[in-house]
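Here's a quick briefing to read alongside the structure. Take a look at the chain first, then work through the points below.

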Amino acid sequence: SDESIIKVVALAQLCMEFLMATCAESQHLIQGLTERVRIQAAQLKVASATSRRERPRRSTPERTAPLPQGLVRKCPHCPKRFQSEQYLNDHMLRRHIASVF
């Protein structure tokens with residue numbers, strides 16, 4: 001009957017209004033989250049650049065004066081040489097991890 005059709009159309013209209021309000025709220029939330037991510041990415045970039053500039057340079061074994069030939073350990077993957085087996089192992093884990101495993 002006509003009354004039932006009117007109720008169904010009214011219910012459909014209410015559903016559409018609810019969906020549109022939900023979509024608008026979702027878009028608003030996404031915009032806010034996107035802005036927060038942008039801000040945090042910029043802060044991270046600044047912090048990363050600052051920490052790189054402030055990090056003190058330390059004298060590493062690979063930059064020291066040449067050692068007698070019997071005490072030198074050469075990296076098998078690059079031309080660097082080291083004072084001890086431990087320095088060589090640390091270097092390989094830092095620089096040649098794919099080759100080690």
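**Arg73 and its surroundings**

Let's start with Arg73, which sits in strand β1. Keep in mind that this is a predicted model. From there we'll go through the salt bridges, of which the structure holds two, and finish with a nonpolar surface patch made by Met16, Phe18 and Leu19.

**What Arg73 meets**

- Arg73 has a relative accessible area of 29%, so it counts as partly exposed, the class between under 20% for buried and over 50% for exposed.
- Leaving aside residues up to four places away in sequence, Arg73 touches Lys80, Arg81, Phe82, Gln83, Ser84, Glu85 and Leu88.
- Tyr87 is 14 residues from Arg73 in sequence, and the two C-alpha atoms are 9.0 Å apart in space.
- Side chain to side chain, Arg73 also makes a polar contact with Glu85, at 3.5 Å.

**The Glu85–Arg73 salt bridge**

- Glu85 and Arg73 pair up in a salt bridge, with 3.5 Å between the closest N and O atoms.
- This pair ties together distant parts of the chain: Glu85 belongs to helix α2 (residues 85-95) and Arg73 to strand β1 (residues 73-74), with the two 12 residues apart.

**The Arg38–Glu35 salt bridge**

- The other pairing joins the side chains of Arg38 and Glu35, at 3.0 Å from N to O.
- Both Arg38 and Glu35 are in helix α1 (residues 2-54), and they're three residues apart, or about one turn of the helix.
- Arg38 has a relative accessible area of 52%, so it lands in the exposed class, which begins over 50%.
- Glu35 comes in at 37% relative accessible area, making it partly exposed.

**The nonpolar patch**

- Which residues form the nonpolar patch on the surface? They're Met16, Phe18 and Leu19, and together they have about 350 Å² of accessible area.
- Phe18, one of these residues, is found in helix α1.
- Phe18 is at 56% relative accessibility, so it's exposed by the over 50% cut-off.

Note on methods: Residues are numbered from 1 along each chain as its sequence is written. This is a predicted model: local features need pLDDT of at least 70, side-chain atom pairs count only at pLDDT 80 or more; totals for chains, interfaces and linings use all residues. Side-chain values use heavy atoms; hydrogens and water are left out. A salt bridge is a side-chain nitrogen of Lys or Arg within 4 Å of a carboxyl oxygen of Asp or Glu. Helices (H or I, at least four residues) and strands (E, at least two) are DSSP runs, numbered from the N terminus. Buried means under 20% relative accessible area, exposed over 50%, partly exposed in between (1.4 Å probe, protein chains only). Patches are made of residues with over 30% relative accessible area and no salt bridge: like charges are joined within 9 Å, nonpolar side chains (Val, Leu, Ile, Met, Phe, Trp, Tyr) within 5 Å. Accessible areas come from the Shrake-Rupley method with a 1.4 Å probe; for residues, only the protein chains shown count as cover. Contact means heavy atoms within 4.5 Å. A polar contact is a pair of N or O atoms within 3.5 Å; within protein, one must be able to donate a hydrogen and the other to accept it, and residues adjacent in sequence count only if both atoms are side-chain atoms.
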